[in-house]
Amino acid sequence: MTSGPASRARADRIDQILGEPTRRYADGAVAGLPAAWSECDLIISHLALGATTRLIAPLLASKHTDPGVVVIDEAGRFVVPLVGGHGGGANDLARRLADRLGATAVITTATDALGLPALDTLGWPWSGDVASVTRAILDGRPVGVVRARRWPLPPLPENAQVVDAGREPVGMVARVLVTDEVSPPADGLPTVVLNPPSLVVGMGCNRGTSVDALQELLTSSLAAAGLAAASVAALVSVDAKADEPGLAGLAARLGVPFVTYPAETLAGQDVPNPSAAPQAAVGTPSVAEASVLAHGADLVVEKRRTPEATCAIGRLPARGRLTVVGLGPGSRDLTTPRAQQAIREASVVVGYRPYISQVKDLLRPGTRIASTPMGKEEERTATAIEFARAGNVVALISSGDPAIYAMASPTLEQGTEGIDVEVVPGVTASLAASAILGAPLGHDHATISLSDLHTDWDTILRRVRAAAEADLVTVLYNPRSRTRLHHLPDAMALLAAHRPPATPVAVVEEAYRPGQRVTLSTIAEFDPAVVNMNSLVVVGSSTTRYLPAGAGGTAMVTPRDYHWMSR
């Protein structure tokens with residue numbers, strides 16, 4: 001909803017931020033807002049907040065169906081979600097626009113203001129009295145969060161006690177029931193039911209079976225087992241049915257993926273009810289039951305049949321989630337949005353104490369912290385894995401990039417069976433140092449750690465020698481400590497044997513942190529005494545040069561064209 005040159009220019013900028021053109025209503029708000037209300041899921045108004053409120057007031061019907069509305073003031077300083085903050089997506093849109101426009105998102109929904117997760121924004125289907133239950137959580141009153149299985153949940157405040165089914169806490173005034181079963185409480189207590197995406201439906205059918213016939217079979221199968229249709233996460237079958245219109249249409253109607261498996265894969269599953277008919281038709285003695293098992297689910301409803309189709313239902317194991325997060329070099333603006341989001345969503349954060357301190361402002365109320373001192377990497381990863389296996393959402397944090405001399409490798413090496421694992425990359429130290437120096441990594445380069453804690457010194461020297469002989473720009477991690485004093489001079493001697501004396505050597509200490517310091521030298525004049533464990537040493541190749549940079553500075557540059565210096 002645009003009204004003048006400033007709002008039109010900002011609308012152009014918003015199109016760039018969203019990556020697609022928005023629909024414009026520029027012929028007057030009186031007609032435009034009602035038109036947008038019926039045609040759009042999200043509306044951005046460039047009118048005043050009061051004017052927008054008056055125009056949409058007669059249109060409001062339900063928080064479940066109304067579009068989200070975001071208002072941006074004339075100067076572009078504030079982005080305000082007016083309605084549909086949660087269900088309508090207005091809060092998320094406001095944050096996204098404010099971040100890119102350099103504005104302030106004014107979020108007034110209570111849960112967001114207090115840093116609490118909203119029950120209706122967890123990404124799971126829900127039903128029940130969300131307003132009363134949320135109010136009880138916000139007021140600090142005892143709320144029971146009852147899980148039928150250990151599905152991972154976001155951080156919750158202390159008054160929201162998570163318990164297993166059958167162990168409901170005494171004295172609770174409201175309840176959150178997390179289940180894939182249909183079991184509505186009858187005690188009158190305010191309740192929200194969350195349905196996790198845990199059920200897998202396997203189906204086979206005759207060619208041409210209608211969507212309605214398949215849905216009728218599925219509905220009766222779910223009802224007979226007391227299972228919630230909202231928890232269906234996938235529809236699965238055999239490859240021969242990949243183009244079956246009825247199955248594809250049912251998956252679309254349910255809003256879930258339709259996944260098929262080769263007949264030979266299904267034939268290898270140990271099913272309770274094999275049959276000769278599907279063996280003759282598609283090459284496997286089972287379709288419905290076998291496809292459920294092939295998808296990794298445990299069979300909870302054995303094959304049910306009609307003359308047209310078969311149906312079986314399985315339950316995916318409840319799996320905790322572990323995200324190994326890279327914080328980058330330390331500056332918040334170099335920590336990726338994905339990393340920050342993983343930390344906000346975590347119910348448990350594990351890490352080295354100084355790194356935990358860097359992100360405490362991102363932690364939601366109720367987040368559990370497990371911090372360890374330096375040198376406790378195995379203990380740290382074991383703790384994170386243990387918490388994830390207990391059904392938690394865990395963030396294991398490290399500086400830089402977690403896959404480069406950091407926590408991703410020891411985590412995966414310890415074994416992560418039974419949990420979901422994601423690695424979120426970060427800006428590693430070599431890239432941070434390179435950016436500060438200019439472009440020393442503009443051509444082929446190597447990174448080598450001089451720490452012999454996990455690698456024997458002879459192996460490290462062999463790698464340094466290989467990098468020297470290959471004329472690679474070489475970045476030295478862990479270059480020097482109070483006890484490792486000869487390692488850096490030894491490595492530099494090997495590199496100097498294959499480099500001109502004027503080869504640039506730079507030391508970057510505390511990159512992008514308050515104590516940042518840069519020392520520029522040459523391989524002939526380099527003094528290892530300026531280096532400590534918070535430093536990174538960058539040794540140029542034979543083509544690396546110091547070049548003038550803006551404002552009288554100096555840049556360390558390795559040309560992309562290896563023959564640049566000879567032209």
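Contact, in what follows, means heavy atoms within 4.5 Å. Good morning. The structure for today is a predicted model, in which local features need pLDDT of at least 70 and side-chain atom pairs count only at pLDDT 80 or more, while totals for chains, interfaces and linings use all residues. Residues are numbered from 1 along each chain as its sequence is written, and side-chain values use heavy atoms, with hydrogens and water left out.

I begin with the chain as a whole. Its secondary structure comes to 18 helices and 27 strands; these are DSSP runs numbered from the N terminus, helices being H or I with at least four residues and strands E with at least two. The C-alpha trace spans about 85 × 65 × 55 Å along its principal axes. Of the 567 residues, 47% count as buried. Buried means under 20% relative accessible area, exposed means over 50%, and partly exposed lies in between, with a 1.4 Å probe and protein chains only. Among contacts between residues at least 6 apart in sequence, 62% join residues at least 24 apart.

Let me turn to an open sheet. Five strands form it in the order β12-β11-β10-β14-β13, and the pairing is mixed. Its edge strands, each pairing on one side only, are β12 (258-261) and β13 (298-305). Neighbouring strands of this sheet are turned by 25° against each other on average, direction ignored. Here two strands count as paired if DSSP finds at least two bridges between them. β13 and β14 (residues 309-315) run antiparallel and are joined by five bridges; aspartate 298 stands opposite arginine 315 in β14.

Two helices lie across strands of this sheet. Helix α7 (residues 211-225) lies across β10 (199-205), β11 (232-238), β13 and β14, and runs at about 45° to β14. Helix α8 (residues 245-254) lies across β10, β11 and β12, at about 170° to β11. For these angles, axes are lines fitted to C-alpha atoms, for helices over the stretch in contact, and values run from 0 to 180 degrees between N-to-C directions.

Arginine 253 has its place in helix α8. Which residues is arginine 253 in contact with, leaving aside its neighbours within four places in sequence? They are Val211, Asp212 and Gln215. Arginine 253 and glutamine 215 are 38 residues apart in sequence, and their C-alpha atoms are 9.2 Å apart in space. Arginine 253 counts as partly exposed, because its relative accessibility is 44%.

Threonine 323, in strand β15 (residues 321-326), is a buried residue, with a relative accessible area of 6%. Apart from neighbours within four places in sequence, threonine 323 is in contact with Ala342, Val394, Ala395, Leu396, Glu422 and Val424.

Next come two covered strands. In β16 (residues 348-352), five of the five residues are buried. β16 pairs with β17 (residues 368-372) in the parallel sense over five bridges, and the bridge partner of valine 348 in β17 is arginine 368.

β25 is largely enclosed by the rest of the structure, because five of its five residues are buried. Ser535, Val537 and Val539 point one way from β25, and Leu536 and Val538 the other way. Valine 475 has valine 538 of β25 as its bridge partner, while valine 507 stands opposite valine 537.

Finally, the largest pocket. A pocket is an open set of points, on a 1 Å grid over the protein atoms alone, where a 1.4 Å probe fits, with protein on both sides within 12 Å along at least five of seven lines; lining residues have an atom within 4 Å of a point. About 1,700 Å³ of space lies in the largest pocket, the volume being the space filled by probe spheres set on the points, which are joined across faces, edges and corners. Of its 47 lining residues, Glu377, Tyr405, Ala406, Asn478 and Met533 lie nearest the centre.

Which element gives the most to this lining? It is α15, with four residues. Elements that each supply at least two residues include α14 (377-389), α17 (457-469) and β25 (535-539). By class, the lining has 21 nonpolar, 17 polar and nine charged residues. Ala, Val, Leu, Ile, Met, Phe, Trp, Tyr, Cys and Pro count as nonpolar, Asp, Glu, Lys and Arg as charged, and the others, Gly among them, as polar. Thank you.
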